[in-house]
Amino acid sequence: MKWQPIETAPKDGTWIWAYWPEAVLEDRQCPAVWEDHPDGYRWTDPADSKEFVQPTHWMPLPAPPVDAS
C-alpha cells in the first residue's frame, strides 16, 4: 500500500491509517476517521486528541487477522 493525499480519503465513517506531520512534538501515524464534531467535521484519532495539525496522507487499514483454527 502506498500513502495517498488526505483529500482522497473516504469520508463515510471508514477508519483509515493517517499520517500527521509534526503532531504535537513529532510526526505521528495512527488510525483516524472523519467525524462530525461541535466544531465541524474533521479527522479524529482514537484518543480524540483534537490536533491542530490535520493529517496530510492516508492509506487503508490492513485486513484483520484470520483465525487459523
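Biologist: Among contacts in the chain between residues at least 6 apart in sequence, what share join residues at least 24 apart?

Modeller: In this predicted model, 48% of the contacts between residues at least 6 apart in sequence join residues that are at least 24 apart.

Biologist: How many helices and strands does the chain have?

Modeller: The secondary structure comes to zero helices and five strands, so that, reading from the N terminus on, the order of elements is β-β-β-β-β.

Biologist: And what is the mean pLDDT of the chain?

Modeller: The mean pLDDT of the chain is 84, with 86% of the residues reaching 70 or more. Among the elements, β1 has the highest mean, at 97, whereas strand β4, which covers residues 40-44, has the lowest, at 81.

Biologist: OK, on to burial: what percentage of the residues count as buried?

Modeller: Of the 69 residues, 26% count as buried. As for the surface, the chain exposes about 5000 Å², and carbon and sulfur atoms supply 59% of that area.

Biologist: Which residues make up the largest nonpolar core?

Modeller: That core has nine residues, namely Ile 6, Ala 9, Ile 16, Ala 18, Trp 20, Cys 30, Ala 32, Trp 43 and Trp 58. Strands β2 (16-23) and β3 (26-37) each supply at least two of the core residues, and β2 gives the most, with three.

Biologist: Take Ile 16, then; what does it touch, not counting residues up to four places away in sequence?

Modeller: Ile 16 touches Ile 6, Ala 9, Pro 10, Cys 30, Pro 31, Ala 32, Trp 43, Trp 58, Met 59 and Leu 61, with residues up to four places away in sequence left out of the count.

Biologist: Trp 20 next: why does it count as buried?

Modeller: Trp 20 counts as buried because its relative accessibility is 1%, and the cut-off for buried is under 20%.

Biologist: Which charged end sits over the ring of Trp 20?

Modeller: The charged end of Arg 28 does, at 4.7 Å from the centre of the Trp 20 ring. Elsewhere, Lys 11 lies over the face of Trp 34, at 4.1 Å from the ring centre.

Biologist: Staying with rings, how many aromatic pairs does a search of the whole structure find?

Modeller: The search finds three aromatic pairs. One of them joins Trp 34 and Trp 43 in an edge-to-face arrangement, with 5.2 Å from centre to centre and 65 degrees between the planes. Ring pairs also link Trp 34, Tyr 41 and Trp 43 into a cluster.

Biologist: Is Trp 43 buried or exposed?

Modeller: Trp 43 counts as buried, since its relative accessibility is 6%, and it is also listed among the residues of the largest nonpolar core.

Biologist: Which residues is Gln 4 in contact with, leaving aside its neighbours within four places in sequence?

Modeller: Gln 4 is in contact with Thr 56, His 57, Trp 58 and Pro 60, once neighbours within four places are set aside. Its place is in strand β1, where Gln 4 is partly exposed, at a relative accessible area of 29%. Gln 4 and Thr 56 are 52 residues apart in sequence, and their C-alpha atoms are 8.5 Å apart in space.

Methods
Residues numbered from 1 in each chain as written. Predicted model: local features only at pLDDT ≥ 70, side-chain atom pairs only at ≥ 80, totals over all residues. Heavy atoms only, no water. Helix = DSSP H or I, 4+ residues; strand = E, 2+ residues; numbered from the N terminus. Buried < 20%, exposed > 50% of the residue type's maximum accessible area, 1.4 Å probe, protein only. Contact = heavy atoms within 4.5 Å. Areas by Shrake-Rupley, 256 points an atom, 1.4 Å probe, with all protein chains shown as cover. Core = buried A, V, L, I, M, F, W, Y, C linked by side-chain atoms within 4.5 Å. pLDDT = per-residue confidence, 0-100. Phe/Tyr/Trp six-rings, centres within 6.5 Å; stacked < 30°, edge-to-face > 60°. Lys NZ or Arg CZ within 6 Å of the ring centre and 35° of its normal.
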